[in-house]
Amino acid sequence: MDIQTQLFEGQLICLAPIDHEKDPEIESKWTHDPEYLRMLSAKPARPLSPAQIKKKYEAIEKEMDESRNTFYFTIRMRGDDRLVGFIKILWVEWTNGNGWVEEGIGDANDRGHGYGSEALRLVLRYAFAELNLFRLSVVIPEYNQTALHLFAKAGFVEEVRRREAYQRDGRYWDAIHLGLLREEWEVQVKEAAE
Amino acid sequence: MHLGMDNPEELAKCFSGWRRDTEYYRLLDTDPVRLFSVKAFQKDFEANLEKKSYDDYLFTIHTLKDDRLIGFIWLGGIDWNHGNGWVGIGLGEREYWGKGYGTDAMRVVLGFAFTELNLHRVSLNVFAYNPRAIRSYEKAGFQHEGRLRKLICRDGQRTDDVWMGILGEEWFKQQES
Amino acid sequence: MTASLFQGELVRLTMDNPETLAKAFSRWGRDSEYIRLMDGGAERMFSAKIIQSWIEKDFEKDVGQDFFFVIHTLESDHLLGFVSLFGIDWNHGNSWVGIGLGERECWGKGYGTDAMQVVLRYAFTELNLHRVTLGVFEYNPRAIRSYEKAGFVHEGRVRKELLKDGQRWDALEMGILRDEWRGGEKGRLI
């Protein structure tokens with residue numbers, strides 16, 4: 001039992017709650033980058049105003065409170081608390097011990113610095129050592145090589161490939177589903193410690 | 001069989017009753033089995049009528065012989081921009097299991113998906129401990145696309161969630177042969 | 001792949017807060033020439049307050065059947081107007097498009113044509129639609145020319161549908177198919 005090691009603090013970034021005053025403006029900018037949206041979601045990419053983001057945040061916190069199977073975190077820089085992304089565990093099915101993970105680093109300039117991997121590492125520990133989930137799932141479009149590498153490095157294994165599930169820019173792409181079992185994560189953590 | 005739609009009252013009576021057959025429900029859904037009254041189901045079905053969803057198509061399955069309501073088949077979760085939809089089926093009346101009704105309903109719904117909704121592909125997931133359903137889907141033309149490992153925990157045992165998919169072009173080719 | 005899904009050469013598509021939009025729509029609504037070019041109905045003027053409440057209500061019930069964007073100039077980020085894909089028949093892959101440039105100093109400068117190009121690219125490479133339709137009035141030759149430049153083909157006319165200032169005018173219908181569309185600078189579907 002290691003309650004001294006912070007669940008939400010990494011070396012570069014930390015996981016934090018939503019800041020309803022500062023964050024909507026920042027996230028609204030992210031939604032103006034169609035690449036960001038298309039990497040994250042199957043829904044048609046569309047820019048959102050800060051007011052729409054604000055409403056979205058309110059809905060997220062309401063859902064977290066009522067359903068108890070969503071866990072939403074903002075990713076912020078240690079030091080100045082600057083918002084760089086989000087990561088969440090959703091659709092948790094407690095009886096089967098499964099949850100889905102979604103993550104995004106909003107500004108292209110903030111990508112490639114390891115913030116995403118660090119946030120994922122923290123969330124894996126949260127999922128397996130605090131929520132006691134049995135496994136985690138993630139779905140990534142074939143064209144998002146960055147995310148595929150990120151999750152593979154974290155130990156996720158390709159489990160399902162839904163053929164031609166996305167259509168963008170005039171061609172079809174597969175939806176790739178990856179999964180990580182708690183027992184696999186525990187082995188990783190042990191090996192890293194040795 | 002033929003596909004239809006019944007009034008919320010009829011649907012509610014059947015859905016509430018079918019739930020009490022826990023084998024039926026545990027073959028159908030990963031959610032823990034919970035029992036709901038006819039009243040609760042009816043409220044739900046009536047609310048859905050109000051909602052006017054563009055993404056969800058629920059059909060009831062009736063036998064051709066005596067027009068008996070034996071189950072449902074659902075086509076939904078449609079990503080219209082990608083042309084992808086999900087299908088789910090449940091035969092609540094267990095005397096009708098293993099007699100081809102499910103495969104028949106699936107064929108009709110795939111026809112609807114590919115020639116009326118003009119979808120590009122249809123996905124489904126089925127539990128590894130439901131071999132009868134897996135065989136039925138294979139017969140209907142679905143290809144295996146992978147498994148979410150050890151997704152389901154029931155009776156102290158873990159089983160995989162099997163994912164399958166069929167492309168419109170595959171379905172059309174099948175119709176020709 | 002995606003660098004300019006929302007961006008053209010002169011304009012970009014975006015979304016502003018309801019308050020900003022409502023103020024602009026209410027002001028544009030006082031320009032009767034703008035209204036008569038855009039809409040066939042009898043003009044009425046509405047306050048920013050009520051328009052804001054409509055916009056907020058619309059955002060709440062967004063069910064993915066309409067895609068509404070506002071148009072900003074790239075040069076000065078000035079809010080010019082709106083463009084919207086609506087009435088989508090997903091199973092047939094059809095949509096309607098409507099555009100309105102409320103700021104009249106921007107008329108006839110290519111902003112509308114550019115915005116239309118961006119929205120068509122969105123329609124054909126993100127929504128993956130098969131065709132886009134629009135309606136335009138005979139007494140709006142500037143718009144008709146703009147749509148022709150964007151690749152729309154004349155498909156029909158509803159003869160003498162409109163009666164304005166004691167004269168009868170046709171309502172035109174134009175359409176563009178995905179196969180006909182030559183999008184963006186590259187001139188081809190990527």
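This is a predicted model: local features need pLDDT of at least 70, side-chain atom pairs count only at pLDDT 80 or more; totals for chains, interfaces and linings use all residues.
Residues are numbered from 1 along each chain as its sequence is written, with chains lettered from A and ligands numbered from 1 in the order in which they are written. Local features need pLDDT of at least 70 and side-chain atom pairs count only at pLDDT 80 or more, while totals for chains, interfaces and linings use all residues.

**Chains A and C**

Select chains A and C. Their contact (C-beta atoms, placed from the backbone, within 7 Å) takes 18 residues from chain A and 18 residues from chain C. On the side of chain A, α2 (34-40), α3 (50-67) and β6 (157-168) each supply at least two residues; helices (H or I, at least four residues) and strands (E, at least two) are DSSP runs, numbered from the N terminus.

**I73(B)**

Next, select I73(B), which is placed in strand β3 (residues 69-79) of chain B. Is I73(B) buried or exposed? I73(B) counts as buried because 22 C-beta neighbours lie inside 10 Å; the cut-off for buried is 20 or more other C-beta atoms within 10 Å, with C-beta atoms placed from the backbone. Beyond four places in sequence, the contacts of I73(B) include L3(B), F59(B) and V87(B). The C-alpha atoms of I73(B) and V87(B) are separated by 7.2 Å, although the two residues are 14 residues apart along the chain.

**Two helices of chain C**

Finally, select residues 111-125 and 141-150 of chain C, helices α4 and α5. Residues of α4(C), among them G112(C) and M116(C), meet residues of α5(C), including S146(C) and Y147(C).

Conventions:
Two residues are in contact if their C-beta atoms, placed from the backbone, lie within 7 Å. A residue is buried if 20 or more other C-beta atoms lie within 10 Å of its own, exposed if 12 or fewer, and partly exposed in between; C-beta atoms are placed from the backbone. Axes are lines fitted to C-alpha atoms, for helices over the stretch in contact, and angles run from 0 to 180 degrees between N-to-C directions.
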